[in-house]
Amino acid sequence: MPWLLMYGLSSFIIIHESWFKSDKERSWEPLFEKHYSRPVKAATATDVRTTAQQILKDCNLEGAFWADQPTPDTLNINRFTFWGSTRLTYSIKDQRLKAERQSTPASQAVVRMHFRGGYGQPTFWNQFWGLLVDLACVGIVVWTASGLIMWWRLPRLRAWGALAVGGGVLSFLLLIWRL
Amino acid sequence: MTHRQYVLSFYPSKDPVLVKERESEYTRSFPATATREQIAKQILEDLGLDGSHQVSGGRNGKPLVITRQHALHNQRVTFNSGAGQILIEREEFRALTFLERMHRRRGYKQQYLLDDTWGLSVDVAVVTMMFWSLSGLWLWWELKSTRRWGTVSVVVGLGLFAVFLVLI
């Protein structure tokens, strides 16, 4: 139930994004800046990710993240949760590691849940989230299919059901054709 | 979308192939003050293709590229103002791209009534989904024979969700 409520609410926020947009840009608060040394031989995206994961482990910040190396001297890591992001910038040449944190408003936290796939990120809980997203997908498909079975089994409501199914299929096809 | 890479492995290329539809002369000239968006809209109207679209290029001597969005397969219109040429290409249909496109299509953002209609249908789907969730609670209360299983289901669902909110 919470997953379906979340998908419903987040879809509403996404489609009416301007209603929830804040004019104020959220600031990044400094967490720490320290000397840090780790050799980086980042040639491919996988190497960059592996190095980033080791840096996060050294900082006790393991979890879901994205990483990129915009210049040979800089490694950027975005360690994110539903409620905020921690941005780490590793200057390879200067051997300095800087971390900043930005919080996320509740409306955007729900949107983050919507976009979170789970698979492809480290830790058991991320993978488990991915599995539950799969289950929510199966739930929606079963919900749709079971409606058709119920419609057939309830002769009293068959005319209304036919109207709903016919109207739904027709309007969907019409939109697909015209859009 | 959570298994995108796996599904993509069944296709020969990452993106659908673009197939040439037609190429023609286009002689209309535009004032220097015309924006890319104004030029794109005029071109689409001239081609009888007016509708939801996105614009790119058209600066620093680069051709103007209009992506005319369709549900089944997008069209790409490339206007080369120097040569006075228009090239129209159509994206090959791909089920994955179609489903992802419809998932991401929001409506309301474009100036066309059809897009607003799609946006409205998404709103209806949102209301239905939320009603489905909340009506489950109501049914749980009304159906005494399954109340125990319902309790387990609600508690486990809410508990797990709360754990995720804290942990990831």
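Predicted model: local features only at pLDDT ≥ 70, side-chain atom pairs only at ≥ 80, totals over all residues.
View 1. Residues are numbered from 1 along each chain as its sequence is written, chains are lettered from A and ligands numbered from 1 in the order in which they are written, and side-chain values use heavy atoms, with hydrogens and water left out. The salt bridge (a side-chain nitrogen of Lys or Arg within 4 Å of a carboxyl oxygen of Asp or Glu) joins the side chains of Glu17(A) and Arg106(B), with an N to O distance of 3.9 Å.

**View 2. Polar contacts between chain B and chain A number seven residue pairs, both residues at pLDDT 80 or more.** A polar contact is a pair of N or O atoms within 3.5 Å; within protein, one must be able to donate a hydrogen and the other to accept it, and residues adjacent in sequence count only if both atoms are side-chain atoms.

**View 3. Chain B and chain A bury about 3,500 Å² between them.** Buried area is the accessible area (1.4 Å probe) that two parts lose on being put together, summed over both. Carbon and sulfur atoms account for 80% of the area buried here. In chain B, Trp132(B), Phe164(B) and Ile168(B) lose the most area to chain A, together 22% of what that side buries.

**View 4. The contact joins 38 residues of chain B to 39 residues of chain A.** Contact means heavy atoms within 4.5 Å.

**View 5. Domain 1 (4-99) and domain 2 (108-167) make up the division of chain B.** These bounds come from an automatic or database domain assignment. The C-alpha centres of the two domains lie 38 Å apart. Six residues of domain 1 of chain B are in contact with four residues of domain 2 of chain B.

**View 6. Between them, domain 1 and domain 2 of chain B bury about 360 Å², 42% of it on carbon and sulfur atoms.** On the side of domain 1 of chain B, Lys41(B), Ser52(B) and His53(B) lose the most area to domain 2 of chain B, together 76% of what that side buries. The two domains of chain B have zero salt bridges between them, whereas two residue pairs, both at pLDDT 80 or more, are in polar contact.
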